[in-house]
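Biologist: Hi! I'm new to this one, could you walk me through it?

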Amino acid sequence: MILQIALDTPLRRVFDYLPPAQPAGLAAPEAPRLGVRVRVPFGRQQLIGVLVGVASESTVPAAKLKAAVHILDEQSIVDPITFELLRWAAEYYHHPLGEVFAAALPVSLREGQSAHENPLWWSLSEAGRQELSAPGSRRAPQQRALLAWLNDRGRASTDDVAEVFKPAHLRALQERGWITAQSLAADPVPMEFHPSEVALTDPQARSVAAILESLSTFAAHLLYGVTGSGKTEVYLRVIAAAIAQGGQALVLVPEIALTPQLVERFRRRFSSGVVAVHSGLTGSERRDAWRAAHGGQARIIIGTRSAVFTSLPKLALIVVDEEHDASYKQQEGFRYSARDLAVVRAQRAAVPIVLGSATPSLETLENSATGRYSKHLLPQRPGAAQAPRMSLVDLRRHAADQGVSTPAMQAIAHHLGAGGQIIVFLNRRGYAPSLFCNACGWVAPCAHCDARMTLHRHAQQLRCHHCGAHGPVPAICGSCSHPLNPVGQGTERVEETLTRLFPEAPLARLDRDTASARGAVQTVLDRVHSGVARILIGTQMLTKGHHFPEVSLVVILDADQGLFASDFRATERLAQTITQVAGRAGREARAGEVLIQTQYPEHPLLTRLLTEGYEGFAASALEERREAAWPPYSRLAMLRAEAKDSVGLDAFLRAAVDSSRSLQETAVQVLGPATALIARRADHFRAHLLIETAARSTLQRFLKNWLPQVEKLPGPPGLRWHIDVDPLEVD
Ligand code: ADP
Ligand code: ZN
Ligand code: ZN
């Protein structure tokens, strides 16, 4: 019997091992189940991998086969559908299976901790408390440290202790009688449903009915509702029905830290059994959330991207909120789309999936046009709320003070006077995007990238937004010694300008610089919700589903960044951003107004968006994609590579193109090599190949045959490359 083990290594293969040695005289062991974890020798260390196959023979010579050390589980550590999903994802994204499993499992499970709730909890005995308060013996400082640590926490599970202390110390304390163990079994959580106070609107009621009709079968539903139209209310209703019989629901959201309100709303409606999984959790919190899902105690799992891999044995429904959001695509390592995998998962689990958005991706719109997804519209905001009035401000005709035009200033003054709050959107953080010499045209460059440094005045630094390099702010030009000027605006500078223009109005700023500290986002959002802050300035972070009832004006300072970008998805993203930011205005009783500043007020994208809305924009954008044969009317993959040696990099990519020719796939085009938009980043030159074809299956067959050849090609020292299937960005 040969065990095929997926190990967390960059190699695109599984590893063969013999079963662990049996004590003499015992009968031959039964084959372990697929999906169990196995500890195996690997080089000079031991690794924990996942059993993905059992074979009768191996291509490895018998003398070289090693025996596994230990099988950790009796049952698979993920439910059978997640197990299949992970295998499917590894194939589809052409990524090593071991790394795929590693991406799915919390660290502590990868390190061998139990997949189940740990029932043993430790706490201090009376003797232990006396020992702790007695003047310290110097003999066992580690044991005393553990005693003090346990005393602070009250109680801790064996796993919690193991993360900080050696098991031997725990045993020693137990032998001395200083600590005691107590068994607390994890109870299944009884669910309480608190009915909603609102009566559904007709479109909401129709959507709920249609989704519920498909319970227990696979069906994909696009819930296309303008911002504030009541999509979340629809999710809550269908989830309540789906889990009423004991099922579990998975809710994917772009970013939890930015939308704590959503989790709160779920907790209010369902009281218990709601578990949020996000990057802010500690290792043991993440593990506990995972176990609660795997064991069935957690009934609703709300999580970001990687939560799509949560083991959910009783999955009954999936919701993907803001399905168009780019954060569903993992952009490094294992590059998967959580949105797409959620659809595959729903299909395999035979459960419905709801994809919600005010600005659906063109892929999803195409899927609903062809009937693969059914579309449900929520065209209006419930109650008194009206869609905001949008207009363009021609920056060529109106003076601007540091990027804030006169009409925008007047509107801000007007809305402040009427007691409204204001959002000012600019997708550029820092003070100014460049530091410029008026005398000779020199611009402060990054020493490691083909890019400019951004001025951060508050931190008194120049920072590169591409590689993270930073340095002091030079006072004079690096070339002619003339004094330097900051040119252009970032959020920091807009904050300064608005403080000067509206000294009475308290400001809040939300961007990656102000949000980096733990809890900082919440502080900013609280200041806006409480009404203390009257003007909120921010980047992309503002677009993510916030609900600020008192916001009546949204100003988009610079719509032009996305108008002429080379990436084929740039206009889609711009239209989504504008629509989403605009959707923050007038969400309740106050009428909303949106001003969009641009140098190109006659640009068809902007005029169409204003006259026909996102739907009109999307229809013409899909037409353009069809003519140009871009996705969703073709399938793409990118092979991206980087190295310090640009000549060697180019040679590697050319050799990769040559090897693709030998496969004679006439339906596949391999384009390039082309240099990346930022041609050099962190001292590495970057270039890529674009692989284009009409059908998914052709692309898959081609990659399967081609990548093993690419792996064998020689490259310059330090060469790194990866394949990105269904890339979001192609430049
Ligand atoms: P979305 O998720 O589409 O942005 P929400 O579900 O958050 O929209 O709804 C926006 C606001 O409208 C919320 O304050 C919500 O409580 C309210 N709302 C939703 N549905 C109804 C309804 N049928 N009647 C009245 N108010 C509603
Ligand atoms: Zn100069
Ligand atoms: Zn840089």
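Modeller: Happy to; we can go from the overall build to single residues.

Modeller: This is a predicted model, where local features need pLDDT of at least 70, side-chain atom pairs count only at pLDDT 80 or more, and totals for chains, interfaces and linings use all residues. Residues are numbered from 1 along each chain as its sequence is written, chains are lettered from A and ligands numbered from 1 in the order in which they are written, and side-chain values use heavy atoms, with hydrogens and water left out.

Biologist: Thanks! How many helices and strands are there in the chain?

Modeller: The chain has 20 helices and 32 strands. Both are DSSP runs numbered from the N terminus: helices are H or I with at least four residues, strands are E with at least two.

Biologist: What percentage of the residues is buried?

Modeller: Buried residues make up 52% of the 731. Buried means under 20% relative accessible area, exposed means over 50%, and partly exposed is in between (1.4 Å probe, protein chains only).

Biologist: How do the contacts run along the sequence?

Modeller: Taking contacts between residues at least 6 apart in sequence, 76% join residues at least 24 apart. A contact means heavy atoms within 4.5 Å.

Biologist: Switching to charges: how many positive and negative side chains are there?

Modeller: There are 77 positive and 72 negative ones, and the centres of the two sets lie 3 Å apart. Lys and Arg count as positive, Asp and Glu as negative, while His and the chain ends are not counted. Each charge is placed at NZ of Lys, CZ of Arg, CG of Asp or CD of Glu.

Biologist: Now the inside. Which residues have the most contacts inside the largest nonpolar core?

Modeller: Those are Ile 691 and Trp 706, in a core of 74 residues. Helix H12 (residues 338-349) gives the largest share of this core, seven residues. A nonpolar core is a set of buried Ala, Val, Leu, Ile, Met, Phe, Trp, Tyr and Cys residues joined through side-chain atoms within 4.5 Å.

Biologist: What is Ile 691 in contact with?

Modeller: Leaving aside neighbours within four places in sequence, the contacts of Ile 691 include Leu 636, Met 638, Val 668, Phe 702, Trp 706 and Ile 723. There is also a second, separate core of 40 residues, which includes Leu 574, Ala 585, Ile 596 and Phe 617.

Biologist: Where does Ala 575 sit?

Modeller: Ala 575 is in helix H17 (residues 570-582), and at 0% relative accessibility it counts as buried. Not counting residues up to four places away in sequence, Ala 575 touches Leu 609, Tyr 614 and Phe 617.

Biologist: What about helix H2, how many of its residues are buried?

Modeller: Six of the eight residues of H2 (residues 97-104) are buried, so this helix is largely enclosed by the rest of the structure. Among the elements covering those buried residues are strand E1 (2-6), helix H1 (80-92) and helix H11 (283-294).

Biologist: What is Cys 464 in contact with?

Modeller: Beyond neighbours within four places in sequence, Cys 464 contacts Cys 446, Cys 449, Met 453 and Ala 469. Cys 464 lies in the loop between strand E22 (461-463) and strand E23 (470-471), and counts as buried at 3% relative accessibility.

Biologist: Last topic, the backbone. Which peptide bond has omega near 10°?

Modeller: The one from Pro 631 to Pro 632, which is cis. Pro 632 is in the loop between helix H18 (604-628) and strand E29 (635-643). The bond from Gly 672 to Pro 673 is cis too, with omega near 5°, and Pro 673 is found in strand E30 (residues 668-681). Most peptide bonds are trans, and most residues other than glycine have a negative phi.

Biologist: What is the phi of Gln 402?

Modeller: Gln 402 has a positive phi of about 50°, although it is not a glycine. Gln 402 is partly exposed, with a relative accessible area of 28%.
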